[in-house]
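Colleague: I am new to this one. Could you show me the structure and take my questions?

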Amino acid sequence: MDNLYNISSCPHVRSKLTTQVVMTDVLIALLPTAILGVLFHGFQAFLVIALSMASAVATEYLFNVVTKRKQTIYDRSAMVTGLLLALTLPAQVPLYLPVLGSVFAILVVKCLFGGLGHNIMNPALTGRSFLLISFGSMMTVYSVDGVSAATPLALLAQGQTIELLPILLGNASGVIGSSALALLLGGIYLLLRGGITWEIPTSMIATTWLFLVIFGGYGFDPAYILPQLLGGGLLMAAFFMATDPVSCPSTRDGQIVFGIFAGLLIGLFRVKGASADSTTYAILLADLFGPIIDDLIIPTPFGYRIPKERKKAIPKPVIILLVITLIAGLALSGVYVMTKDTIEENKAAANKAALMQVLPEAADFTTDATLQARLDDQGDSYNPSFGGAKIQSAAVGVDASGNVVGYAVTVFNSDSYDSGLTLVVGIRADGTVNSISFTELHETAGMGMKCDEPAFKDQFNNVKVDKFILNKAGGSTADNEIDSVSGASVTSGAVVNAVNAALDFVSGVMG
Amino acid sequence: MEIKTFHGGVHPAEHKELSKESPLTPLLPKGELVYMTNQHIGKPASPVVKKGDHVLAGQLIAEAGGFVSANIVSSVSGTVKAVEPRKNASGGSAMAIVVENDGEYTLAEGVGVESDTANLSNQELLAKIQKAGIVGMGGAGFPTHVKLTVKAPEKIDYVIANGAECEPYITCDDQLMRTRSAEIVEGLEYMLRLFPNARGVVVIENNKPEAIAAMEKACQGHDRVYVQPVLTKYPQGGERSLITVITQKHLKLGMLPADAGCVVDNVGTVYAIYRAVKFNEPLMERGFTVSGDAVRNPGNFWVKIGTSHQELVDACGGFEQEPKKVLSGGPMMGFAMTGLEAPICKNNNALTCLTVDEVEIAESEMTACLRCGRCSRACPLGLSPQLMQVAAIRKDYDRYEHKLYGLDCIGCGCCTYGCPAKRPLMQLFKTTKAEIMAMKKR
């Protein structure tokens, strides 16, 4: 009669919850976002999602087959990674990008580190950053309905007012999965299902908010704060990326610290950083600290905590976290205040140096009342005939004895390929262009960035014309013709328009 | 009344409906009864009878082997068939006394005779409980007289009668409270005599409204005794969870309930105290649930200690389907038995027969740890099973013991129950604890 029945250690019953269910929950939570993405970004978005998910699953399948491991694709975590990656891509990317990204995310970030549960960073986000670094230009062409446009946050950075509704619905320019409403809905679903906990999303969004209020420069102005919080992938990161249990701390206190850390980084990157992809890098950086946080912050079991009556209202972790936040905040603002004057001086010096570069004859620069008045009169752009060019400032160059030797005009042109360019044009007193210099240019390396090379920008030097013309074919002979940088006619055109706007601007005040 | 609860825990499917309404049916055993000499924590009892002796129901057959030990009586009248090692429910072998039932149930002298309780001194009260061989009937089997002998009785604030019955399937305490509520309150009053400053509280999960109502009714007119309904959640019936719910205090490693001003006893034990004090009746019967989807007619029984599990299954009409697993106790903390021959001991409260072995399924579904943290949220002690698991696998025992408080684990299995990756956490923690303890002894 012995060994009649199965023997094992208790508990003899298990919950119905499996890894598969956990992953399916994430897929369900992302469904509204994906549907709205396809709705607003078209069939191409669907292709990106399908390809990304399929190649993620295929990669894991093949890896397991080749390395003779137990097949793990049935846990559906590869599908989640594929979907997450697709939702963080622009819809117009070439179709090999989602495939490459998924292969990288699954193979390098997940499988090679030991598979599910062992990756150090979030695979989807790492896949995205891999694509960002490798294919920057394709990854930053954002569009909606097939029309490319600057993202809400890029527009916000230029001081424009943003409509909230498109951000909420997801039909603003951006990645496929950008509907704030759908992401919130999915996040709430996951919270209710226990797939994620409130700690990370709350602490992360709150910290980002606080940081932007203090350092964003607009205070509590909702016109600035709301797009910042709802757009730029913050919700996607807060509910789906940072909360990835594998790479975030596993304890409650650790998660709060993690959220605050990620929030601080996002705020810092958004306010001070140059990259539009603040969130991606902030989460990846925070992920690296996950194990350290788990190592340092271990919750005290209930029996070892100080009894309630002695500690009263505020629990200890909250106090510690508040102190950490305060210290970090004070340190940051302290550094800012201390360096503020220096920054201003440096800025002024740098500014003068930039002006000197294009107008070396000048010993100093002054302002001109007429020019200043015209500067203030501009609308959103200087004049529609010069595209998106807008005069930012104009300085009058004078020699040692105070005679006018020329003008230095700073022009911003939003028409460029990536978030606008800024250049300074030095114009001599007789209307001859002395030279131009870029103060801001974020174009594609090897293409638009070539505008900053002498071969292109020296074409303007020492030419006296009323207006330059862009020659896309190249091989120009006439003075007023500018050869376009091959493959970067948009950027080249934006530069020509900006220079022309500067010439037009000063023509009125020249003798 | 406000329903209280503790932090963490899980809520497995209750399955109590299978046997909930079945009254405690007295079961008269046939054939032999087996009394293990080690059916309590502490030293085994020493047999005082030999083969061929005639014994009466309630007669002492094995004497406590020390203070932390308990007397054992025969629950039937009959002839001692053997004094030999037998297997108990957990599969271990120990000395046992086998009595052939003569079917007469002749009581020993003095047993079941109502006595005057008003003038009992505390010592006499404790002596009666000790003589009756009462042990914790909720599962642990710790001798009750030891538990009631605390250094500073005046520092005890609560005597907790544990009627939570948080294990799935088990319903015998529910029935006991419904039908013996006045007796439980009286037993509690006897216990309160030992603790001048204590209040008696009966803790019952809110999935037993009939028991709550019955106990509340029985408490009327007893100033020192009240009922505390608690949320239905496992492991509510654990000693620590009860103390936390009632006193808001948490025990740590090495602390006893008395350190938190509590004495905790199962309602079954309280009822046994009532019988012992008022009727001089030693512990020879108890409530018992036979349940599970394999059993034809699940039900509750009032069984003689020493009855074999097989007899109880027969009393239920046998198996409807061949079970895969039979558990002594419930599915959360009970242990799997290889067969049904083992006798029922004082601390056994249920037999659960399952047609599906969920552990087998879980083992086939095990995936890598997602670090989702559900285990930490489920831990009623506030431990971090996920981190403990990593430390245990790495054999980083220093971190396991000192940083993660791993030895505090009470083995309730909440982490293991809720783990979506189906990882055998509790088993790992048990072996790790054993390994650390072994290293300390060296």
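Modeller: Domain bounds here come from an automatic or database domain assignment. The model is predicted: local features need pLDDT of at least 70, side-chain atom pairs count only at pLDDT 80 or more, and totals for chains, interfaces and linings use all residues. Residues are numbered from 1 along each chain as its sequence is written, with chains lettered from A and ligands numbered from 1 in the order in which they are written.

Colleague: What distance separates the centres of domain 1 and domain 2 of chain A?

Modeller: The assignment gives domain 1 as 19-299 and domain 2 as 361-507. Their centres are taken over C-alpha atoms. The separation is 39 Å.

Colleague: How many residues of domain 2 of chain A are in contact with domain 1 of chain A?

Modeller: Contact means that two C-beta atoms, placed from the backbone, lie within 7 Å. Domain 1 of chain A contributes 7 residues, and domain 2 of chain A contributes 5.

Colleague: How many polar residues has the side of domain 1 of chain A that touches domain 2 of chain A?

Modeller: Ala, Val, Leu, Ile, Met, Phe, Trp, Tyr, Cys and Pro count as nonpolar, Asp, Glu, Lys and Arg as charged, and the others, Gly among them, as polar. That side has no charged residues and 3 nonpolar ones. The polar count is 4.

Colleague: Which residues of helix H11 of chain A are buried?

Modeller: Helices (H or I, at least four residues) and strands (E, at least two) are DSSP runs, numbered from the N terminus. Buried means 20 or more other C-beta atoms within 10 Å of a residue's own, with C-beta atoms placed from the backbone. H11 covers residues 222-230, and its buried residues are Pro227(A), Gln228(A) and Leu230(A).

Technical notes. A residue is buried if 20 or more other C-beta atoms lie within 10 Å of its own, exposed if 12 or fewer, and partly exposed in between; C-beta atoms are placed from the backbone.
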